[in-house]
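Trainee: I am new to this structure and would like to know what the descriptions rest on. Could we go through them one at a time?

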Amino acid sequence: MAVKTAQLFFLSDLTPPSLERTWLTAPHPTLPIVATCSSDKTVRVYSLTNFKLLSTISGGHKRSVRTCAWKPHIQGESVLATGSFDATVGIWRRWDSYGQEEGGMGDLAIGSDNGDTLQNEPNNDEEEEEWRFAVLLDGHDSEVKSVSWSPSGMLLATCSRDKSIWIWEDLDDGDNNFETVAVMQEHSADVKCVSWHPVEECLASASYDDTIRLWREDVDDWGQVACLKGHEGTVWFLDWEGVDNIPRIPAGGDESSFTTQWKRQRALSGPRLISCSDDRTVRVWRRQPMEPKPESGDTTMPSIIRPTGTEEKWEEESVLPKAHDLSIYAVAWSKRTGLIATVGADGRIAIFEEQFAPTYSTPDESNTNNTLRTEYINVVTMEGAHGIYEINHVQWAKRADRGREEGKEEEVLVTTADDGSIKVWTIAW
Amino acid sequence: MAEMQNSNPTILNAADLPTRLRPAATGKPGAYGSGIFTQSLSNASDFFSTSPLSSSESESEDDLMEEPIDEQEIYDLISTISDPEHPISLGELAVVSLPDIAIRPSLPNVPSSPLQTVTVLITPTITHCSLATVIGLGVRVRLEQSLPPRFRVDVRIKEGTHSTADEVNKQLADKERVAAALENGTLMGVIAKMMETCQ
């Protein structure tokens, strides 16, 4: 079977870069902008339309900004949470004039392509003033490593070298009040990453203790529901599969029968979790199908007494083909295309595509036990993507520059490196 | 530091420590402006050179070309670091030694890659020395600050020489922890003191 291969094309740098290490770049959930965290204690906001710096958020953190995340589902305003080595989490707000201006900025960008570069400058200075420092969340004892908003935007999870995970509720009371909902301390070492399930209020965490843990709220208490063991080194990063992801159907395969069976197979286990580690592996984890919820009218046990089933069984479904020789720092599972990107200390970008294993070219719909198997193909690897520098983070984002094809939703890859550079890539088949 | 962990360490004679053959009278540190690595070689070339052209011109050529870096140069960089407990160098205490330094390609399967990994195995003076992490961090910081960025630094406790070697190794290999340590004033104060004896 012919293996489809892809090519990665360099599109642009985000300029000007930080002069110090950059750790992570978070694309805005709706606007064509990204936020990049730097060791110089600032966060830079860049446009994905013209790849230029829009504003620099500074003055809030006393040490490196390690992580940041945009709050989803808010209208008219952008809210950014930042986590720093100074042990605090900052909340920043800005009215979305970006939203309206962005179209205008795009037009300006055309002007600047023609050598007319001055137009952007005065604008930028004004905009710098507009990031409002809202509140500092204090609680962690040491460096904050990762922050993540729940899919509703109601909850913010933060984690630290102090081994704890905090869940904060954004009270949205107009007064920037956050309430501590839970503090979980089960990890036995630094918690490196927290990441919310794409639709459920289920949090995944990755740690220096080599484990991944899953957390849910049970009645009133947040507690651990699973501890995933398998990695043989620090687990650096986590990401979730998109809710509607379907692996690539082999050429000649019957699309509707594959899709139907895949959806049935996945209905009870939900989106999978992917992890990358210092052990140079990338692993995919799947929840074992949960018991179907009893139909209404099922009166075997009143729901108030029925055990809530706090334990979940998660199993390691796959280990991706080896593509890295040094520590893997980040993994990103595209919610649009299902492609998986990984980066790490070896300076490589690797892209994987999941496809149905060829042995099941015709899924048998009559037999539900005949589970579909998939495999991951390393479709492209780019060596030295940031020259000699280590790559700390990778993320997919919606393409927004003028080079994109009209009317077609395209995707770019954004990589963030040790020398402060941030690069934008396109993928083509 | 409250109490010394090893009050009577074995000390090697400075004259027995490994060194590159070079003239006794070395140039002033920093006189060549092109970095630590050109020093020993450009000193040597100055000393042996008979051509009147060489001194200034070869220097500028040295600037353009990165000198190959070998184990001895790594040793020279880290052996002069002082032990945090004693005013004695890591070389004299045999915490670092030339045979325990290796330079290898980081990505052996990618022959064109310029990345090289410097591995330094450190031998703590006593097997339960809690300062092993600080010493290792000092070695890692020294190398990261001195070497060009294409080098990956791998500092580890030599096998069988420390009771909690795995723990120390994991910390020293963790980029994020090392980065955070560099922003920790107290810790960096200790490291800076250890490096006072470096050129």
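Trainee: What share of the contacts in chain A with a separation of 6 or more comes from residues 24 or more positions apart?

Mentor: In this predicted model, the share is 62%. A pair counts as a contact here when the C-beta atoms lie within 7 Å.

Trainee: How many helices and strands does chain A have, and what part of the chain counts as buried?

Mentor: Chain A has three helices and 28 strands. Of its 429 residues, 45% count as buried; the cut-off is 20 or more other C-beta atoms within 10 Å of the residue's own.

Trainee: Which residues of chain A does UniProt list for "repeat: WD"?

Mentor: The unreviewed UniProt entry lists residues 58-92, 137-169 and 184-215. In the model, residues 137-169 of chain A are 58% strand and 0% helix, with end C-alpha atoms 11 Å apart. Residues 184-215 of chain A are 53% strand and 0% helix, and their end C-alpha atoms lie 9 Å apart.

Trainee: Turning to chain B, how do you know what helix 4 (residues 132-146) should span?

Mentor: The expected span is 1.5 Å times one less than the number of residues. For the 15 residues of helix 4 of chain B that gives 21 Å, and the end C-alpha atoms are 21 Å apart, so the two agree.

Trainee: Why is helix 4 of chain B called largely enclosed by the rest of the structure?

Mentor: Because eleven of its 15 residues are buried. Among them are B:I135, B:L137, B:V139 and B:R140. The cover over the buried residues of helix 4 includes strand 2 (116-122), strand 3 (151-157), helix 3 (71-79), helix 5 (165-173), helix 6 and helix 7 (185-194) of chain B.

Trainee: How many residues does each chain bring to the contact between chain A and chain B?

Mentor: Chain A brings 15 residues and chain B brings 14 residues. On the side of chain B that touches chain A, helix 6 (residues 175-182) gives the most, with three residues. By class, that side of chain B has seven nonpolar, five charged and two polar residues.

Trainee: What are the confidence scores of the model, and where in chain B is the pLDDT below 50?

Mentor: The model scores pTM 0.85 and ipTM 0.86. Chain B averages a pLDDT of 80, with 74% of the residues at 70 or above. The pLDDT is below 50 over residues 23-63 of chain B, a stretch that has 30 contacts in the model beyond near neighbours in sequence. Where pLDDT is low, predicted coordinates should not be read in detail.

How values were computed. Residues are numbered from 1 along each chain as its sequence is written. Chains are lettered from A and ligands numbered from 1 in the order in which they are written. This is a predicted model: local features need pLDDT of at least 70, side-chain atom pairs count only at pLDDT 80 or more; totals for chains, interfaces and linings use all residues. Two residues are in contact if their C-beta atoms, placed from the backbone, lie within 7 Å. Helices (H or I, at least four residues) and strands (E, at least two) are DSSP runs, numbered from the N terminus. Ala, Val, Leu, Ile, Met, Phe, Trp, Tyr, Cys and Pro count as nonpolar, Asp, Glu, Lys and Arg as charged, and the others, Gly among them, as polar. UniProt positions are given in the numbering used here, feature names are shortened, and annotations may be inferred rather than shown by experiment. A residue is buried if 20 or more other C-beta atoms lie within 10 Å of its own, exposed if 12 or fewer, and partly exposed in between; C-beta atoms are placed from the backbone. pLDDT is the predictor's confidence in each residue, from 0 to 100.
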